[in-house]
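Please study the sequence and the model before reading each solution.

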Amino acid sequence: MKTHFGRVLCLALLAATATAQGKPPPPPLPYDLAFEATAVPTDRLMRARLRMGPNQVDRMVFRIDPERHKNLRADGKLVVEGRSASWEPPRAGGSLRYEFRVDRLRNASSYDARISEQWAIFRGGDLFPPARVIAQEGSYSRSTLRLRVPEGWSIAVPYERLSKGTYRIENPYRRFDRPTAWMALGRLGVLRERIAGSNVTLAGPFRQKLRRDDLLAMLRWNLPSLRSVLGALPERMLVVGAGDPMWRGGLSGPASAFIHAERPLITPDGTSPILHELFHAASGAHATIDGDWVVEGLAELYSIELLVRSHTMSRARFDRMIRRIEARGAEAKLLGHDSHGASTARAITVLRKLDAELRGRTEQQKTLDDVVAELARKRQAVSTASFRATAEQVSGLDLATFFKTQVEPILERNRQ
Ligand SMILES: [Zn+2]
């Protein structure tokens, strides 16, 4: 028996164990797992069901939100305690059912998930909560997503469509594959186009003024530059957008992003909210421990870098914008958690210095792009230390002095 979270890590561990004991690795044991949800706009919820085929799963322990995941019932044994729901599915298969309250306020008056009579926008990772899976060695899920919606509604998700309303969920980084991306359901305006090797979908409710065509043009100009940095883009990407009362900002998810319909494509300080979110979505780099300054700084820096590389913005204007950003961040600390505003501006300054350091000491052979490409390749959880390790690995340089003088003195590690 073993607990597993990540397919890559787990297979590596299995291989190592098998070699050490001279035994072959256990045979792969797939089980079918169908994530199903029906939109019920009149009750402002999604009725959700996890349907599992014959399996070797002893227990799945879900981390639920008791305010949003309600009325859980299941075949087999189910114990719900606070934020934990422990399910022992029957060996022959069975299902877990619950209701998901879609609406969630992000602050006093705006939502980061919402269902109305006409549409629903939310993260799949909230609808289907994360779980720790205790199962026989070698077992992994073959997951699908099935969405049922009222007559006249469309579905926008960044997954491969198998049949009407059914999608394949495949995450090579996990053994328990679940749909975590942003989803939009409803009476939607949808644009789909292949850009830089990725099937890009832009979706927003009708009559919500999401400027899909402007967004599409913006992505056509800039995604090729993003692909050049990262090496490859996700096979599918989704941008969902809506107006009030949704939150007036941008939020990323795996291969997907939400953007408020009234956010500009480019802000007065030269950065781009949509490119910032898509950098997060496509790079997969996420902060851990004290790495938020790195992750937010990179997203903000590349949101302006991409504009100049694609000739959307002139080099002279870029230089002016960068000077302004550096002035704004001059007195700020780097924040290990919740980096924003002046702190992210400071992070841009530090990341640009690191780029200059790499270029200067490798005769222009290595740059910050190479570090970013490696973070994206590893879908890395980024701390200050792991960022330094990746930069050193990519460049072959010792960066101890750089981090000791340019990062450590201004890094605020504790949560504010
Ligand atoms: Zn961000």
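In the classes used below, Ala, Val, Leu, Ile, Met, Phe, Trp, Tyr, Cys and Pro count as nonpolar, Asp, Glu, Lys and Arg as charged, and the others, Gly among them, as polar. The model is predicted: local features need pLDDT of at least 70, side-chain atom pairs count only at pLDDT 80 or more, and totals for chains, interfaces and linings use all residues. Residues are numbered from 1 along each chain as its sequence is written, and side-chain values use heavy atoms, with hydrogens and water left out.

**Exercise 1.** Describe the second largest pocket by volume, lining and residue class.

Solution. On a 1 Å grid over the protein atoms alone, a pocket is an open set of points with protein on both sides within 12 Å along at least five of seven lines, a cavity is a set where a 1.4 Å probe fits but cannot get out, and lining residues have an atom within 4 Å of a point. Grid points are joined across faces, edges and corners, and a volume is the space filled by probe spheres set on the points.

Step 1: the volume of the second largest pocket is about 460 Å³.
Step 2: its lining comprises 25 residues, and Ile155, Arg161, Gly165, Tyr167 and Arg192 lie nearest the centre.
Step 3: two or more lining residues come from each of β13 (139–148), β14 (154–156), β15 (160–163), β18 (188–195) and β19 (198–205); strands are DSSP runs (E, at least two residues) and helices likewise (H or I, at least four), numbered from the N terminus.
Step 4: the lining divides into 10 nonpolar, 5 polar and 10 charged residues.

**Exercise 2.** How many cavities of 30 Å³ or more are there?

Solution. Step 1: the count is 2.
Step 1: the largest cavity holds about 80 Å³, and its lining has 7 nonpolar, 1 polar and 2 charged residues, including Leu210, His260 and Arg263.
Step 2: the second largest cavity holds about 30 Å³; among its lining residues are Phe62, His69 and Tyr98.
Step 3: this second lining has 7 nonpolar, 1 polar and no charged residues.

**Exercise 3.** State how α5 and α8 are oriented to each other.

Solution. Step 1: the axes of α5 (residues 292–309) and α8 (residues 368–377) come within 13 Å and cross at roughly 120°. Axes are lines fitted to C-alpha atoms, for helices over the stretch in contact, and angles run from 0 to 180 degrees between N-to-C directions.
Step 1: angles under 35 degrees count as roughly parallel, over 145 as roughly antiparallel, 65 to 115 as roughly perpendicular and the rest as oblique; α5 and α8 are therefore oblique.
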